[in-house]
Amino acid sequence: MLGPGDTARPRRAEGGPAERAAERAARLRAEHAEAEPPVERTGRTGPNGSATKGSAGSGSAGSGSAGGTARRSLGAALAATAASTVVPGSGHLILRRRRTGGLLLGLFLLLVAGAVGTALLVRRTTLLESVLSTKSLVVFIVGAVVVALAWMAVIARTYALARPRGLGMGKRILGAGVAAVLCLVVAVPFGYAADLANSQRSLLNDLFSGGEGGTSAAEAIGKGRLNVLLLGSDAGPDRTGTRTDTMMLASIDTKTGRTTIFGLPRNIQRAQFPPGTPMAQKFPQGFHDPKDPLSGNYLLNAIYAYAHEYPQLAPAGPTPDIGLNLLQSSISYMTGLPIDYFLEINMAGFSTLIDALGGVTVDVGPVPLPINGVTADGRHVKPDGYIQPGVQKLDGEQALWFARSRRDSNDYQRMSRQRCLIQAVLQQKSPATLLTNFQQVAQATKDNVDTNIPQEVLPALVSLAGDGFSLQSISFDPSLPDPSEKDGKFDTGRPDVTYMRKVVQDAINPPPAAAAPTTTTAPPTTTSRSGAATTTAPPASAAPTQLADACAIAATTSGPSDDAGTDAGSDAAGN
């Protein structure tokens, strides 16, 4: 019986287990219907007049997952995942996750715009300076790893959201495998870029550690001129000790980038040393043995080995290498230029470096160039082969002999080819070429190059390689006019140190009228009484010439065989 204020409650339907199960099922269907988002309608009506669901969202209750993924196929899920692989966020937009998808897409477009803007607006030298900074490289490596991990997370999340429920084991494995492959598509390029950056960082730390004996970075950056001694050393089984067969002093104007390379023939005799030093006291008339005037053991290229043979005569500094110290002291004294740094390359490994760069194209000249053909005692024998004349792309071994060969030429022509080889490498090897073969280039460089240039100076040096950069050369060989000599040519057998210093100063501090690069003009012609035109040779000049112009002229001429004078001693010293 009901009391006052009581309301009647509906009586629970009585029935067996079947009725109770039906009631629970009805309640679950009602809850599912409330949670299901709106779906598109086809406009068709069912038998009772209600609209039916479209095919994209159709299906009986409980046959698929909530959120409209009941009938999504594995292919559609993988398509959305692939879209996120190409453009992060696009897969989320396909799945109608508009807020998350828009945020991811915006971040991606912002990064792309930043990269494109950097490539277009930032100066090339600025980018190169970043590549030469270990701090910038570390930032790049960390950034590449973070971006790769975030991108792969977006790919994995997209597949997790799009994956249909109730897939069989085979399709589940297939879907996960495709998603993993798509992640690798992103990971591989970012990993490769990070590995390149790490290799560059390792190269900078190993090679440009700023060894002893060089000008401090702080002082070098503030100097108006830097002088770098470039050496090509060659130690072989046919000779005693290491010989510096290639010696060039590069003087760099740090304001204009104008660089003058002074070539020093290896067969210079009577090399002189700073007054008061043990070597100057032992050789007051220069590095020479009057008992054996043609000996190859007393040429400029033998000073390095001589220091190691008689260490008590060599200075202990500035570097730990006494041979390098003695050679630097002689070259610095004769040219009058203080040497800030050195860079030495092992010529035996030079071929490896050229191969790593993909070869180099040069103009060999009008005649074939012999490979080898001179024994250790200076005898001429049959060459091992020839480099064909004309413009040729040389591999590492051929480039080495292009720089070394003297079989049918002399030391001075070989020096000219060496400078031209430097010019060719600088002109032809772009940053893209270096990136393509960077691992091989880095390894060949670490194995065969030694220097005391500090890392901090590299960006400043690279910044000079802009529009104002010019490369000129002067070689202290008989092609250099010397008014004090009877024949008017520089004498490598008895070098005039005072004149050498004057040439150097005139080259690095040219008068205003001669500051512009020299150009090649046709020599003047005169007409004789008989009416025949004769050509008057232009007066010889000690001014530096553009290296590219000098190489073009050298390629059109072929030189004589080794002179019997000063080259005879160098022949005995081996190739």
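Visitor: Is leucine 120 buried or exposed?
Guide: This is a predicted model, and leucine 120 lies in helix H4. Its relative accessible area is 68%. Because exposed means over 50% relative accessible area, leucine 120 counts as exposed.

Visitor: Is arginine 270 buried or exposed?
Guide: Arginine 270 is placed in the loop between S5 and H9. Its phi is positive, about 55°, although the residue is not a glycine. Most residues other than glycine have a negative phi. With a relative accessible area of 17%, and since under 20% means buried, arginine 270 is buried.

Visitor: And arginine 96, buried or exposed?
Guide: Arginine 96 sits in the loop between helix H3 (90-94) and H4. Phi of arginine 96 is also positive, near 65°. The relative accessible area is 58%, so arginine 96 is exposed.

Visitor: What separates the C-alpha atoms of isoleucine 268 and aspartate 477?
Guide: Isoleucine 268 is in the loop between strand S5 (258-263) and helix H9 (278-282). It is buried, because its relative accessibility is 0%. Aspartate 477 is 209 residues from isoleucine 268 along the chain. The separation of their C-alpha atoms is 8.7 Å.

Visitor: Which residues are joined by a cis peptide bond?
Guide: Most peptide bonds are trans. Here there is a cis bond with omega of about 10°. The bond joins glycine 317 and proline 318.

Visitor: How many cavities of 30 Å³ or more are there?
Guide: Rolling a probe the size of a water molecule over the atoms shows where empty space is left. The count of cavities of 30 Å³ or more is three.

Visitor: Which element supplies the largest share of the lining of the second largest cavity?
Guide: That cavity holds about 70 Å³ of space. Of its 13 lining residues, Asp245, Thr246, Leu264, Met415 and Gln418 are the closest to the centre. Strand S4 (243-253) and helix H14 (411-428) each supply at least two residues of the lining. The largest share, five residues, comes from H14.

How values were computed. Residues are numbered from 1 along each chain as its sequence is written. This is a predicted model: local features need pLDDT of at least 70, side-chain atom pairs count only at pLDDT 80 or more; totals for chains, interfaces and linings use all residues. Side-chain values use heavy atoms; hydrogens and water are left out. On a 1 Å grid over the protein atoms alone, a cavity is a set of points where a 1.4 Å probe fits but cannot get out, and a pocket is an open set with protein on both sides within 12 Å along at least five of seven lines; lining residues have an atom within 4 Å of a point. Grid points are joined across faces, edges and corners, and a volume is the space filled by probe spheres set on the points. Helices (H or I, at least four residues) and strands (E, at least two) are DSSP runs, numbered from the N terminus. Buried means under 20% relative accessible area, exposed over 50%, partly exposed in between (1.4 Å probe, protein chains only).
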